[in-house]
Every structure is written in structure tokens, then in C-alpha cells.
Amino acid sequence: MELAGKRIGVLTSGGDCAGLNAVVRAVVHRAVQGYGMKVIGIEQGTAGLLARPVMARELDPSIFTGDILRRGGTILGTTNKGNPFSYEMPDGQILDRSEEIIEAYRELELHALIGIGGDGSMAILRRLAEQGGLNFIGVPKTIDNDLGHTEVSVGYATAVDIATQALDQLQPTAASHSRVMVLEVMGRDAGHIALNAGVAGGADIILIPEVKYSLASIKRKIERTYAEGRNFLLVIVAEAVRDEEGQKVTETQASGAVTYGGIGEYIGHRIAEETGAETRVTVLGHLQRGGVPSARDRIMGSTFGVHAVDLVAAGKFDRLVAWSGRHCFDVPLQEAIAGYRAVQPDSSVMLTARGLGICFGDD
Ligand code: F6P
């Protein structure tokens, strides 16, 4: 097929993260310089395709002034609200607006769409593609790193670096004041960030939703550590860890949205009550999503962007770009969506953590 002049849309969808701009840049370079295609950047994710006029602009390598790789966030904007299949209108009505998105794809005269998103976005975009017969390719991004069939999603490495740096900064103050420092990190229902940052940052206790903890076990670890002559501990807690009754700990935002939040405070208080230790709690929050992308995220983002365009050129659609070992490859999108990836109890990093004597609250 003649590719020159064909138009590819690219959008970022769901929560932002570091490295998204590396993907967009790679898509533009590969498509324009490699195949003579045109790239249309869709703004604000699917919201840009619901807007009229459609929110989109042509992207050309000449617009990149040299700082794009270094910039956090997404130059295209994004949204993690408003499922087009059940879209809440300002008057509270719920509408199926999927056909409007399909219309926008046609109006933009797209040959294909590259969507950079997490599992929720992929499920929505794939359904749209199926309904409208759109040529769709997915690129995995999420700090949660919970998409199936890919070892790595864009944004995850930077989030782990930032959480590790937070532990680096908490350690001296913990030692100076003889405190137990609790750090709450994101990750939605998966504990990848907490586990990996916990190992990298020297946490003594890691709590993740995949492992059920007891306060008694945590107390034993704290007492053992004091008995060994140490005066402080570092605890890292994934946001989806439940309270002792097994209940989710959430916050309701002013908008009405219910998000994870508060388990750090809960654990900090319970440790203080049970052990008498002086505790302080830090919630890392959205700092994990912003900031300068790590080298790893820039490399992954660039690799995924080039591969996604090569798939378009090869006429291979309904695929998710993925990474395993030292290789970029692609898998059927549906398999990746269905294969949600939480922390595996027998994974090497889990075994390493246990080998280091890190407590998960289950012994
Ligand atoms: O999925 C990415 C993520 O950052 C989660 O780790 C977190 O629970 C959630 O998004 C936060 O969403 P929001 O930006 O809506 O607060």
C-alpha cells in the first residue's frame, strides 16, 4: 500500500506520566521521515474527538524545539474521565457517544490511530475500533505497570525512581529523629511501584495489595529492627492496601470522584498505637507522574513509538506494542487487556525482597 500522505492520529489517554512525549516524538519522526505520512495529534485524549470542532493539530518534526524528550506530562493533553460508551452529560444524563468518536476519526481522514494509554483506555479504544472498523494500535503507558504481556509500560520507571528518591530523602530525617517513616505511593490495584522502590530505597517494610498483612507481623519487624540496634525504619505502602478489616481506604474528591488515599495515615497511626514508635507519613501522590522522564522511559517511549508506526506501515492492527527481555514486540490487544498483571508472589523482585529480610507483614 502507498503510505506517503496517509494520516495517522495519535492521542494520549488516561492519567499522564513521564515519557509520553518521547512516544509522540517517535511517532512523528518515524511516520513523517520514515514513511512520508502525516501525523495528527489529537488533544485531550478521547475528549478531543468528542469536541466539535475536533481538537487536533498536525504534528511535524519541525515543531520539536529540542526539549520535548525532557518534558514530563503530555504535549497533547489527556483525560482519565468520560467513558464515551457511558458518558455523563452536564445534566447527569448518561449517553453512549461512541459514534461521535468514530465520526471524528473519519472527519480527520485517518488511516490509523495510535493510542497511548493504560488498561482502561485500551479497553475503551479497542471497543471503539471494533465498532467503527478503525485501524488501531495501542502503546502501553501507566505508572502502575499493570498491563498484561508487557514487562514495561511508559512512565513506570520514572515513578519508581521518584519513589526511590523519596525514600532516599526520608532516610536521613528518619535516622535523625528515630522515627518510623511511612511513604504512601500510587499504583492503583498493583504493588509494583511500592515493591520496586522499596527494594531500591532500602525499605524495611513493604505493604502491597497482593500480600495480606497483619499489624502483629509489622510490630515484630519493628521490634526486631530496634533490637538489632537501629533507631529508625522506612515503610512503603501501596495506595490500594486495605485496612485491617479488609476495607479499601479511599478519599472522595470535591468532584465526587472516589480515589485511593489514606492508607499511609492509617498504617502510620496503627504502628504508633501498637509499638509506641514516633511515626510520620508522606503521601507522594502526583509527584510520581510528573517530572523529568528517566532515561529508561525515554528509551521505552521512543522504541514503542517507532514500533507502533512500523505496525501501521505493515498493516498490522489491533495490537499492543510490548517489551520483554531485550526486545520490543507486539501482542493482540485483547490478550494484553485481559492479562492484567499484579505483583506475582514468586517474581524475582519479591524473592529478592524476602531474601533481604524485608517484611511484607505476612510472617
Ligand atoms: O493509574 C495511574 C494513577 O496515577 C494511579 O496510580 C492513581 O491511583 C490514579 O491514577 C490517580 O488518578 P487521578 O489523577 O485521577 O487522581
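A polar contact, for today, is a pair of N or O atoms within 3.5 Å; inside the protein, one must be able to donate a hydrogen and the other to accept it, and residues adjacent in sequence count only if both atoms are side-chain atoms. Okay, on to what we're looking at. This is a predicted model, so to speak of local features we need pLDDT of at least 70, side-chain atom pairs count only at pLDDT 80 or more, and totals for chains, interfaces and linings use all residues. Residues are numbered from 1 along each chain as its sequence is written, and side-chain values use heavy atoms, with hydrogens and water left out.

Let's start with Ser13. Its side chain makes a polar contact with the side chain of Ser121, at 2.9 Å. Ser13 is in the loop between strand 1 (7-12) and helix 1 (20-35); those are DSSP runs, H or I of at least four residues for helices and E of at least two for strands, numbered from the N terminus. So is Ser13 buried or exposed? Buried, because its relative accessibility is 7%, and buried means under 20% relative accessible area (1.4 Å probe, protein chains only).

Now the ligand. Around the ligand you'll find, among others, Asn80, Asp144, Met186 and Arg289; here, a residue is near a molecule if one of its heavy atoms lies within 4 Å of it.

For His286, a polar side-chain atom lies 3.0 Å from a ligand oxygen, and for the Arg188 side chain the distance from an N or O atom to a ligand oxygen is 3.3 Å.

Definitions and conventions. Buried < 20%, exposed > 50% of the residue type's maximum accessible area, 1.4 Å probe, protein only.
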